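Here is a short report on a two-chain model.

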There are 2 protein chains.
Amino acid sequence: MQVIDSIKKMKDEIKKAKKGNLSIGFVPTMGYLHEGHISLIKRAKLENDLVVTSIFVNPTQFAPNEDFEKYPRDEKRDLKKCEENGSDIVFLPQKEEMYPEDFYTFVEVEKLGDRLCGKSRPTHFRGVTTVLTKFFNIIQPDRAYFGQKDAQQLVIVKKMVEDLNMDVEIIGCPIVREKNGLAISSRNTYLSAEEREDALLLYKSLVLAKNLIEKGETNIHKIKEQMENIILSGKNNTIDYIEFVDLKTLDPVSKIEDKVLIAIAVKVGNTRLIDNMIVSI
Amino acid sequence: MQVIDSIKKMKDEIKKAKKGNLSIGFVPTMGYLHEGHISLIKRAKLENDLVVTSIFVNPTQFAPNEDFEKYPRDEKRDLKKCEENGSDIVFLPQKEEMYPEDFYTFVEVEKLGDRLCGKSRPTHFRGVTTVLTKFFNIIQPDRAYFGQKDAQQLVIVKKMVEDLNMDVEIIGCPIVREKNGLAISSRNTYLSAEEREDALLLYKSLVLAKNLIEKGETNIHKIKEQMENIILSGKNNTIDYIEFVDLKTLDPVSKIEDKVLIAIAVKVGNTRLIDNMIVSI
């Protein structure tokens, strides 16, 4: 496995791969790799000749009041996991090379980035789409892999690729959960033992919603109310949002007719967690 | 020469060219081709195996009050000029395919797009950088050719390419002028005979500035005043701006020390014209 830390070297390596007609799978990460990331690397390995994993805590997707500085990092362990799971190259660019002082260019998907998490994190998705555009230009992947856990991100990235005619296939992969249902996230590491218990209620509320819908409940208001009750039974929990939205447009649905994306964001203590489930009648 | 009107077909053609290791030169235009565009096509032909010229009046770079609808068009003549001057492919995409109804993604170079023409055309450069990102992704050129006449556009496009790590070399080409000095522009066609006379004063004011600077004048205020006098001697002229700026940052300079970009925008009757000159001590 190669570890590359300069953009120029990464571009040279990609040129070589393209000359050899190798297909390229790309897994963008912010490091502190967990089973979710590993499922993406393994899938990329199955579908491509060359797998590039990037590890970069991207400053432009954090607001000044957010956890950029304290976001968990463990480079040594990450490199080991990449190697063990089939990554051929790890790209570890430096913040200063990715964003020099006079960096001014941003890529923004309007409308889709304003709702759900965009309401409390107004510059977040702009940072995500900007850094991904940079990565796509540097790595020129045939396929890029994203977790369904960041459901809104996945929708936005697909839209960006479509709108800007980028030559990359975006592949969403299932949420990986602990046995107790908790969606695996790097931010889970912030939780105390008591907060971890409260965090389980996110998944429980989604399962409840699924059961209600499968039993024939179509009144979103009633479902939301029951989800709220479950989540708020955890004394560390405050709800940011519970939304029922269209899978592609992220527009709120007023009635459950076909497939619906149920997306939730909850602050557990000081830690903001997200989870979601796609439910169909 | 091939004429291609669908994005899919254009991408297929580029794939073939890449397989054959052909270098690609790209000349983006809004059509109504004149000697300025032709100089770009000729230069692209000299430096590349395959020349792609796009003709697309890009709606996102016009504000609602601007001349999108009446912007001059002459497809038949344009195709003839492309063929005569060495273009291998003309890409004529449809507005509906470039911007479907749910198009939400924009690329913006902040700061550099706010000044000069950006002041009176606040969404203009965002439209330019967005459509160019699309074209660069579709055509994957090795080199793209732009006229120095749109000096701010050239600076912004270079910055975008640098910031987003795009794999294309941006090549600026000299302003082409009529014998009388008027910078050639598709919008010159809007001018009445009397307005054409007044339009000549743009170039005259730039030549005057150059002469003053070469004679040792460093006081920008004094130079501007004399430029204003010349331009306003044309009774159809109103000045949008006369600016002395840094070639790369477009920051206003307070004193002429080395090279300076003198950029002007003037409304001649209802037609807004721009011109510029790079002057060094």
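Helices (H or I, at least four residues) and strands (E, at least two) are DSSP runs, numbered from the N terminus. This is a predicted model, in which local features need pLDDT of at least 70, side-chain atom pairs count only at pLDDT 80 or more, and totals for chains, interfaces and linings use all residues. Residues are numbered from 1 along each chain, chains are lettered from A, and side-chain values use heavy atoms, without hydrogens and water.

Asn276(B) lies in strand E10 (residues 271–280) of chain B. Asn276(B) is buried, at 3% relative accessible area; buried means under 20%, with a 1.4 Å probe and protein chains only. Its side chain reaches the backbone oxygen of Lys149(B) at 2.9 Å. Contacts (heavy atoms within 4.5 Å) of Asn276(B) include Lys149(B), Ile175(B) and Leu206(B).

Leu206(B) is also one of the buried residues of H8(B). The buried residues of H8(B) pack against these elements of chain B:

| Element | Residues |
|---|---|
| helix H9 | 220–232 |
| strand E8 | 237–245 |
| strand E9 | 259–268 |

E10 of chain B is a partner too. Just after H8(B), Gly216(B) has a positive phi of about 115 degrees.

Chain B can be laid on chain A with an RMSD of 0.0 Å, by a turn of 180 degrees and a shift of 0.0 Å along the axis. The copies are thus related as by a two-fold rotation axis. Superposition is by least squares on C-alpha atoms of residues with pLDDT of at least 70 in both. In chain B, the C-alpha of Val107(B) is nearest the axis, 2.2 Å from it.

Definitions and conventions: Buried < 20%, exposed > 50% of the residue type's maximum accessible area, 1.4 Å probe, protein only. Polar contact = N/O pair within 3.5 Å; in protein donor to acceptor, adjacent residues only side chain to side chain. Lists of a residue's contacts leave out its neighbours within four places in sequence.
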